[in-house]
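Got the viewer open and a selection tool ready? Here is a short tour, one stop at a time.

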Amino acid sequence: MHKGAQRHVSLREQAYSAIKRLIITCELRPGEILSEPALSSQLDIGRTPIRQAIDRLLNDGLVEVMPRKGTIVKPVSLDEIFNIIDVRVVNETFCVRVAAAQAGPDVALQLRRNLDAMLAAAHQREIETIAGLDQQFHALIAGSVRNPVMSDLLRNLHERSARMWFISLSANEQHLRICDEHAAIVDGIARQDPDLAENAMRAHIQSFRANITRQV
């Protein structure tokens, strides 16, 4: 019984992660209807875990229910993205200040390793790898603050804006610029300089806003 329960949770998590990835990478396009049978066949996972995963994605704000259509991938809304960016500025600048003041050298080391991996992926134009490393970078900073509410909030904000990341960051120079911006953030944390870290984080997020603005 216990093993069966563990397997059930594992399948639910597997379905959730897989469908979320398909949405974030736009393999499931904005506005596309989600078919439980099709996803079950594609992912080789039963219908029940698929349904549970979709319910969780509904709470995450990545899918929505439309009358007479069913559940669809939530369309990308520029107004929502800009609202998310505003919330990120407030919360991530606070978060990185705390990280710079409190984080030990192990955090800076982890961030530098992440940055090295991102640079390698940027030179190879491995967009999905870069996206994963970008989310990991911000999660490492949030995790160093040891505030699970903040970590959950920022994870959700990043995931909800990740599709626009894929759509807008099409040039290799954009990816390399992100690496430069991350390097400035790491420098502020490594120096234990909250002002330097905050300014670097603010510039990084505003750069994302500017890039989206240029695309529309």
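How do the residues of the lining of the second largest cavity divide into nonpolar, polar and charged? They come out as three nonpolar, two polar and four charged. In that count Ala, Val, Leu, Ile, Met, Phe, Trp, Tyr, Cys and Pro are nonpolar, Asp, Glu, Lys and Arg are charged, and the others, Gly among them, are polar.

Before you click on, two notes. This is a predicted model, where local features need pLDDT of at least 70, side-chain atom pairs count only at pLDDT 80 or more, and totals for chains, interfaces and linings use all residues. Residues are numbered from 1 along each chain as its sequence is written, and side-chain values use heavy atoms, with hydrogens and water left out.

**Stop one: the cavity**

Select Gly-61, Lys-74, Pro-75, Val-76, Ser-77, Glu-80, Ile-81, Arg-160 and Arg-163, and you have the lining of the second largest cavity. H4 and helix H7 (148-168) are the elements that give two or more residues to this lining. Helices here are DSSP runs (H or I, at least four residues), numbered from the N terminus. The volume is about 60 Å³, and a search of the whole structure finds two cavities of 30 Å³ or more. A cavity is a set of points on a 1 Å grid over the protein atoms alone where a 1.4 Å probe fits but cannot get out, and lining residues have an atom within 4 Å of a point. Grid points are joined across faces, edges and corners, and the volume is the space filled by probe spheres set on the points.

**Stop two: salt bridges**

There are 17 salt bridges in the structure, each one a side-chain nitrogen of Lys or Arg within 4 Å of a carboxyl oxygen of Asp or Glu. Are they buried or exposed? Both Arg-88 and Glu-92 are buried, with buried meaning under 20% relative accessible area, exposed over 50%, and partly exposed in between (1.4 Å probe, protein chains only).

Now jump to helix H9 (residues 194-215), where Arg-202 and Glu-198 also sit four residues apart, about one helical turn. Their salt bridge has its closest N and O atoms 2.7 Å apart. Glu-198 is buried, at 17% relative accessible area, while Arg-202 is partly exposed at 32%.

One more pair is Glu-32 and Arg-29, bridged at 3.8 Å, N to O. Glu-32 is partly exposed at 24% relative accessibility, and Arg-29 is exposed at 52%.

**Stop three: a charge over a ring**

Zoom in on Tyr-16. The charged end of Arg-56 sits over the Tyr-16 ring, 3.7 Å from its centre. To qualify, NZ of Lys or CZ of Arg must be within 6 Å of the ring centre and within 35 degrees of the ring normal.

**Last stop: two loops**

Go to Cys-26, in the loop between helix H1 (2-24) and helix H2 (36-43). Cys-26 has a positive phi of about 65° although it is not a glycine. Then try Arg-125, in the loop between helix H5 (105-123) and helix H6 (127-144). Arg-125, not a glycine either, has a positive phi of about 55°, and this residue is partly exposed, at 44% relative accessible area.

Key. 1 Å grid on protein atoms, 1.4 Å probe; cavity = no way out; pocket = protein on both sides within 12 Å on 5 of 7 lines; lining within 4 Å.
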